[in-house]
Amino acid sequence: MRRTLHAEWTKFRTVRGWVLGAVGAALAGVLFVLVGTVSSNQHAGDAAPLAVGPGKEAVNDSFSFVHRTLTGDGSLTVPVTGLTGLLADPDGGPDRSSAGTTPWSKAGIIFKSSLAQGSSYVAVTATGGHGVRMQDDYVHDRAGSLTGPPTGAAPQWLRLVRAGTTVTGYESADGAHWTPIGAATLPGGPVQAGLFVTSPAAVSTAGGGGSSPATATGTFGRPAVTGAWAGDWTGTRVGADAGSSGSYVPGTSGGYRPDGDGFALTGAGDIAPVVGGPAGGPVWTVETFLIGTFVGLIVIGVVAVQFATGEYRRGLLGVTLAATPRRGRVLAAKAGVVGAVAFVVGAGAAAVSLPLGEARAHAAHFAVLTVPTAVQLRAVLGTGLLLAASAVLALALGVLLRRSATAVTAVVAVTVLPYLLSFGGLLPSGPADWLLRLTPAAGFAVQQTLPRYDQVLSVYEPASGYYPLPPWAGLAVLVAWAALALAAASFVLHRRDA
């Protein structure tokens, strides 16, 4: 097998057009990013950097907060007696609004390591439409047993208990019988602890989405504390709303006021991961910097097809099979060579595109949605695997169809075309989802860096940049197509070609 691989590699590297094509595929992906970012300069504005959470993901961290300092172990207990809000009319004037809350508006209690945006926290909260939840460090969410928003007649009692670095959340319907929701870790040392209210934008999941500002007001009974506390209750508006989570309804503002022996807080924003760009400023994602992949895929697909059809066109297939009678081995060697070349091209282009794109984004004052380094590495290596599997698929189609033009057309039709139709918004969400589940274009999902979160309402569909399959599942669909096509090509090579 090693001799066969060497022979096929020698064929590949001695044909100048194939080598230049591979280099061109890498350059095409990088240049596409450069051209796209330069053309976007005219739309650039001054985008403030987004907060970064403990996991290195971009986060929203904006809320109204009444707090004290918890210096050691201790607990905070409070009844939430109401959660109301205002929703701006997206089609009306600046002064038009209506009563109502968004499903993920929140009124609850929180222990936060500092007032800095993106700092670690643990919270238990009542919500507008998802009952009581326990959340920590932006990406973790647990459901409690209490449902419905709190009211004066049916308050929802919340409690956080800190012991060392462990914080446990509890809920109660009557303040006497408590049910644990879960536990989370919070770094040691003094923390800011108290009551908070926030509200993300009202999001429409129909017709391509859209959002409008929302403001929430939560009312709380008297907070009860135990343990090591310092200072008096102080009101703070944490962070400026990150934009993607909504903003205050015009004419309202955040703050707090005494309400009997408790407090009433008004706030907007969110404490959650960012899943889309800020409405108030430009933003790019890792996927933005990899958008040139489809151009590189077309070029490397042409090279892979010609690597298969060239021997038919020149009448050299008989010579190859005479030198290596085991035809399956010849095809496997060709697939190994073209797959390895495509992987280097894809991963190399992605590795260059990411820092280059980030530099261009910062120069143009675009915000960049931060993701963990491991996720970026998966996107880079995944791009290499995406091109490798696509190249093997193209090679197999070249063997099956034998004509370069026909095979290249087939490659584009089953990989690039579904991708462009789905993400260009040219198809409804349903058909776009199915195309990205069933066709080889599903492999592009390996580049997805922004996951879906149940606790963040957004438009999770292809037109908004989201794939219906997880990254590795999408790549597995492409690999399955490539393996099936390669098996069919092997069968044909044994039965048809002399």
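A: Some helix terms to start: helices (H or I, at least four residues) and strands (E, at least two) are DSSP runs, numbered from the N terminus. The expected span of a helix is 1.5 Å times one less than its number of residues. This is a predicted model, so local features need pLDDT of at least 70 and side-chain atom pairs count only at pLDDT 80 or more, while totals for chains, interfaces and linings use all residues. Residues are numbered from 1 along each chain as its sequence is written, and side-chain values use heavy atoms, with hydrogens and water left out.

Q: OK, what span should helix H8 have, and how far apart are its end C-alpha atoms?
A: H8 covers residues 404-423, and at 1.5 Å a residue its 20 residues should span 28 Å. The end C-alpha atoms are 28 Å apart, which agrees.

Q: Where is the kink in H8 centred?
A: On alanine 413, with a kink of about 40 degrees. The bend at a residue is the angle between axes fitted to the seven residues ending there and the seven starting there.

Q: Which residues in H8 are buried?
A: Among them are Ala407, Val411, Thr415 and Tyr419. Buried means under 20% relative accessible area, exposed over 50%, and partly exposed in between (1.4 Å probe, protein chains only).

Q: What takes a positive phi just after H8?
A: Glycine 425, at about 75 degrees.

Q: New topic: how many salt bridges does the count come to?
A: It comes to 5, where a salt bridge is a side-chain nitrogen of Lys or Arg within 4 Å of a carboxyl oxygen of Asp or Glu. In one of them, lysine 106 meets aspartate 270 at 3.1 Å, N to O.

Q: Which parts does that pair tie together?
A: Lysine 106 lies in strand E5 (residues 106-112) and aspartate 270 in the loop between strands E18 (262-267) and E19 (271-273), so the pair links parts 164 residues apart in sequence.

Q: Are those two buried or exposed?
A: Lysine 106 is buried, at 1% relative accessible area, and aspartate 270 is buried at 3%.

Q: What does arginine 133 meet in a salt bridge?
A: The side chain of aspartate 141, at 2.5 Å, N to O. Arginine 133 counts as buried at 13% relative accessibility, whereas aspartate 141 is partly exposed at 22%.

Q: And what does aspartate 136 pair with?
A: Arginine 142, in a salt bridge of 3.3 Å, N to O. Aspartate 136 is buried, at 6%, while arginine 142 is partly exposed, at 27%.
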